[in-house]
Amino acid sequence: GLVEVFAMFLPARTEHLGRSHGSGVVERVFVHEGTITVGPAGDPLTLGPGDYARYSGDGPHIYRSADADCYGMLLVGYPPA
């Protein structure tokens, strides 16, 4: 399937709520700098530099930075058509 690759930048003390991408979509986040809370809105994970998370993108999910800017990489994987 298709994989979208994004350079991720989230300014300090910012929150973004992502909508569902549909069934079978998987997101992966790699953190280079800063701290971010990501994942399913009801069960997010907190990541720091060097951390990685993989979670389903088929429901609401969040991206919330801590007190410093956050830099990383976001991959959104879609199932084959």
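**Ground rules.** I am reading a predicted model, in which local features need pLDDT of at least 70 and side-chain atom pairs count only at pLDDT 80 or more, while totals for chains, interfaces and linings use all residues. Residues are numbered from 1 along each chain as its sequence is written, and side-chain values use heavy atoms, with hydrogens and water left out.

Asp-43 and Ile-62 are 19 residues apart in sequence, yet I find their C-alpha atoms 9.6 Å apart in space. Ala-41 is found in this loop between E4 and E5 as well, and with a relative accessible area of 39% it is partly exposed. Leaving aside neighbours within four places in sequence, I listed Leu-17, Pro-60, His-61 and Ile-62 as the contacts of Ala-41, contact meaning heavy atoms within 4.5 Å.

**The core.** Next I turned to the largest nonpolar core, which has 14 residues, and in which Val-29, Ile-36, Val-38, Leu-47 and Tyr-63 have the most contacts. Such a core is a set of buried Ala, Val, Leu, Ile, Met, Phe, Trp, Tyr and Cys residues joined through side-chain atoms within 4.5 Å. At least two residues of this core come from each of strand E1 (3-10), strand E3 (26-33), strand E4 (36-40), E6 and strand E8 (70-77), and E8 gives the largest share, three residues.

**The salt bridge.** How many salt bridges does a search of the whole structure find? I found one, taking a salt bridge as a side-chain nitrogen of Lys or Arg within 4 Å of a carboxyl oxygen of Asp or Glu. The side chains of Glu-15 and Arg-64 meet in this way, at 2.6 Å from N to O. Glu-15 lies in strand E2 (residues 15-18) and Arg-64 in strand E7, so the pair ties together parts that are 49 residues apart in sequence. Arg-64 counts as partly exposed because its relative accessibility is 33%.

Is Ser-65 buried or exposed? Ser-65, in strand E7 (residues 61-65), counts as buried, because its relative accessibility is 7%. A polar atom of the Ser-65 side chain lies 3.1 Å from the backbone nitrogen of Arg-13. I then placed Arg-13 in the loop between E1 and E2, where Arg-13 counts as exposed at 61% relative accessibility. I also wrote down that phi of Arg-13 is near 55°, a positive value in a residue other than glycine.

**Tyr-52.** My last entry concerns Tyr-52, which has its place in strand E6 (residues 52-56) and counts as partly exposed, because its relative accessibility is 39%.

How values were computed: Helices (H or I, at least four residues) and strands (E, at least two) are DSSP runs, numbered from the N terminus. Buried means under 20% relative accessible area, exposed over 50%, partly exposed in between (1.4 Å probe, protein chains only). A polar contact is a pair of N or O atoms within 3.5 Å; within protein, one must be able to donate a hydrogen and the other to accept it, and residues adjacent in sequence count only if both atoms are side-chain atoms.
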